[in-house]
Amino acid sequence: MQTFHISGGTGQSKLLIGQRLEALPEHVPEERLIILTDERVSGLYSSRFPRAPVITVGRGEEAKTLDTAGWLYKRLLELEADRGTYLLGIGGGVVCDLTGFVASTYLRGLDFAFAATTLLAQVDASVGGKNGVNLDGYKNMVGLFSQPELVLCDLGLLPTLSGEDIGCGLAEIVKHGAIADPDLFAFLEDNAQGALQLDPAVMERLVADSVLIKSGIVNLDERESGQRRKLNFGHTFGHAVEKTTSAPHGEAVSQGMALAGLLSVRRGLLAESELQRLLSLLWKLRLPTGIDAPVEEMLQALSKDKKRQGESIRFVLLQSIGEAVVESIPLREIRQAALEMLA
Ligand SMILES: NC(=O)c1ccc[n+]([C@@H]2O[C@H](COP(=O)([O-])OP(=O)(O)OC[C@H]3O[C@@H](n4cnc5c(N)ncnc54)[C@H](O)[C@@H]3O)[C@@H](O)[C@H]2O)c1
Ligand SMILES: [Zn+2]
């Protein structure tokens, strides 16, 4: 078990990595606690929740809307929630984002906590203080920055995740190592099998290091400009893959990281041998390294990206494993690299 305290511009959070759900009552108030979760997490784990009223939302991205938030405000009113109420979200990134958003806006702000139950939520969504909901199909259109008091990551919940959901978390861990931590990257190279099998000791290190990397970057730059951009490694192109195919987030980001790696080599920033390390780690983690999406459609989607500047787009590249740089890349260079990487 590892405990960290991280501070962001909008508050302090305590992080418990490798702690079980059963420990929650030691860390959250017994009185005036309300739990928010989704149908699947409730079906699997509600017998292990602290004793408190539970509000259950539907599953997945479709549930992360302003309508759901409105519905949640009404449930809170019915439960007579007041400024002293403490909201605990138990679930993946969707439940964490909804909990943070609703808690921060209901009565201008309640204290809140997350028990992150997906690998993606443990290594990414629960850290950094961003929350929000989708609007008319546009992701994370409405939201704010505010820190949970507590984030608990029970690694024993991971084995019930689907392979796709595990891949989503693993892709973000590769990203963290690639942009900021050569030791984490090397540890994952040595322990790829253990990671795929969700070995608790391996996962504890991967989750703890990821959380420290993300919170470190976010603390330097909570409102996103220089440093925080590096967290977009693999994501600019990954979002274009997601828009044009049905690839899950982890597979899309994996393709995006492979492309960014190739562009880094083509620009003379990254050694070919380092690119091979990146590709072979993704491959060992059963994540795709070839591009499997319509290139012209993807470039169309990319050219609508908010990071575009004229015919170029701001892209996160690697200088070495563990060191990222942001560069402006012409769309034709991206096309060329994408065509080379067609699966
Ligand atoms: N706030 C941030 O900084 C940030 C960062 C990254 C992602 N996100 C958001 O996170 C969301 C994606 O998160 P996610 O991938 O966790 O999705 P999710 O919350 O939809 O969870 C994926 C699926 O796994 C199920 N699930 C959750 N825990 C489980 C468990 N232990 N066992 C079995 N099934 C379980 C859920 O019910 C859901 O069906 C997106 O909405 C994204 O925008 C936010
Ligand atoms: Zn991501």
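Arg32 is partly exposed, with 18 other C-beta atoms within 10 Å; on this scale, 20 or more such neighbours make a residue buried, 12 or fewer make it exposed, and partly exposed lies in between, with C-beta atoms placed from the backbone. The model is predicted, so local features need pLDDT of at least 70 and side-chain atom pairs count only at pLDDT 80 or more, while totals for chains, interfaces and linings use all residues. Residues are numbered from 1 along each chain as its sequence is written, and chains are lettered from A and ligands numbered from 1 in the order in which they are written.

Arg32 sits in the loop between α1 (24–27) and β3 (33–38); helices (H or I, at least four residues) and strands (E, at least two) are DSSP runs, numbered from the N terminus. Although Arg32 is not a glycine, its phi is positive, about 55°. Glu80, also not a glycine, has a positive phi of about 55°. Glu80 belongs to the loop between α3 (66–78) and β5 (86–91) and is exposed, with 8 other C-beta atoms within 10 Å.

Helix α9 itself has 15 of its 21 residues buried, so it is largely enclosed by the rest of the structure. Among the residues that Ala260 touches are Phe233, Phe237 and Phe315, not counting residues up to four places away in sequence; contact here means C-beta atoms, placed from the backbone, within 7 Å.

Ile313 lies in strand β11 (residues 312–320) and is buried, with 23 other C-beta atoms within 10 Å. The C-alpha atoms of Ile313 and Pro330 are separated by 6.3 Å, although the two residues are 17 residues apart along the chain.

Finally, ligand 1 is surrounded by 30 residues, counted when the C-beta atom, placed from the backbone, lies within 6 Å of the ligand. The closest are Arg40, Gly92, Gly93, Thr118 and Thr160. Elements that each supply at least two residues of this shell include α2 (39–45) and α6 (163–180).

Notes:
Two residues are in contact if their C-beta atoms, placed from the backbone, lie within 7 Å.
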